[in-house]
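Subject: Structure handover

Hello,

Here is the structure I said I would pass on. Please open it before reading the notes that follow.

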Amino acid sequence: MRLLILGTAAIALSGCSFLGLGGQKNNTQYNAKTGYYGQQAAKPASKSLCHSGNCLSRWNIEGGLGTAFPAGKNIITASRTHNVDGTDYNSISFGDAYSSSFRGELGGSYALAPNTKVTVLGHYAQADNDGSKNWGTVDGEQLTGALTDYKAWGGEVGLRQYFKPVDSIIVKSFRPYVEGRAGVSRVNDIGLTGVQLDGVDVTTVEVPLYKDSWVGTAAGLVGVETPLTKYSTIGLETGLRYQSGLKTDTSALGTSSRLGGLNNNQGQLTIPLTLRGRYRF
């Protein structure tokens with residue numbers, strides 16, 4: 001009888017273990033090298049979220065703070081100004097016109113696979129003007145003035161592809177990635193202020209150059225991520241971003257104006273440098 005009771009108890013315990021009713025609670029741990037959560041579950045995991053018992057963290061919140069360095073294109077190009085007698089203008093690049101810049105991003109991403117994410121990020125960008133610049137000469141007199149600050153906001157959609165994690169000495173490991181993005185940006189109007197000829201004020205009001213308008217954006221980015229906590233990562237990102245040309249404002253600088261044609265921007269190239277964070281659910 002004792003052997004029968006012991007045998008029955010052993011069978012019952014093995015059945016509970018098989019059904020997941022006994023032993024320790026479920027244990028979930030993120031695997032930074034696969035992008036999955038390793039899960040010991042009582043019930044089979046959903047096929048849409050898990051593969052071979054490893055669950056993929058689908059939804060992420062992302063954000064970044066950084067700057068952008070000019071990489072080409074002028075906000076004023078002398079060769080495209082109107083050929084007016086007595087004028088000799090200088091080209092002014094974005095790097096010359098603006099001293100520093102800031103860009104902040106916030107949004108989310110969704111994992112299509114362990115190494116592939118779709119990103120949707122909103123952004124705000126600002127660059128401070130670098131003071132009065134030499135714009136050239138008008139009838140032999142020096143023309144000087146400053147641009148108003150650059151401000152823009154908008155959004156971009158991207159596709160990010162991760163590569164195999166690499167072991168590191170400084171951090172435990174880091175995971176490189178590439179990403180392509182496209183979107184739109186709303187750029188505030190830009191004008192010319194403090195206009196002077198040989199140090200004498202020409203006008204005390206702002207001369208409009210570019211209208212407040214939407215422009216297209218596209219970016220090719222590369223970066224690395226490393227785990228910060230169990231559910232978060234931190235990374236560094238750079239690349240190349242293109243912005244299409246600003247919309248010309250001809251309300252003051254028409255074809256008959258001596259300053260006409262100065263508002264001839266046809267695009268902007270920048271090299272972003274962003275410190276990025278990501279939190280996964």
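Is Asp 139 buried or exposed? In this predicted model, Asp 139 has a relative accessible area of 51%. Exposed means over 50%, so Asp 139 counts as exposed. Asp 139 sits in the loop that links strand S11 (133–138) to strand S12 (141–147). Its backbone also deserves a look: Asp 139 is not a glycine, yet its phi is positive, at about 55 degrees. Most residues other than glycine have a negative phi.

Lys 73 is another non-glycine residue with a positive phi, here about 80 degrees. Lys 73 is found in the loop between strand S5 (59–72) and strand S6 (74–76). With a relative accessible area of 41%, Lys 73 is partly exposed.

Next, the largest pocket. The space in the largest pocket comes to about 420 Å³. Its lining is made up of 27 residues, and those nearest the centre are Ala 68, Ser 101, Tyr 150, Gln 268 and Thr 270.

Which elements supply at least two residues each to this lining? They are S5, helix H2 (94–97), strand S9 (98–113), strand S10 (116–129), strand S13 (150–162), strand S20 (232–243) and strand S21 (268–280). S9 gives the most, with six residues.

Sorted by class, the lining of the largest pocket has 12 nonpolar residues, 12 polar residues and three charged residues.

Regards

Terms used
Residues numbered from 1 in each chain as written. Predicted model: local features only at pLDDT ≥ 70, side-chain atom pairs only at ≥ 80, totals over all residues. Heavy atoms only, no water. Helix = DSSP H or I, 4+ residues; strand = E, 2+ residues; numbered from the N terminus. Buried < 20%, exposed > 50% of the residue type's maximum accessible area, 1.4 Å probe, protein only. 1 Å grid on protein atoms, 1.4 Å probe; cavity = no way out; pocket = protein on both sides within 12 Å on 5 of 7 lines; lining within 4 Å. Points joined across faces, edges and corners; volume = space filled by probe spheres on them. Nonpolar A, V, L, I, M, F, W, Y, C, P; charged D, E, K, R; others polar.
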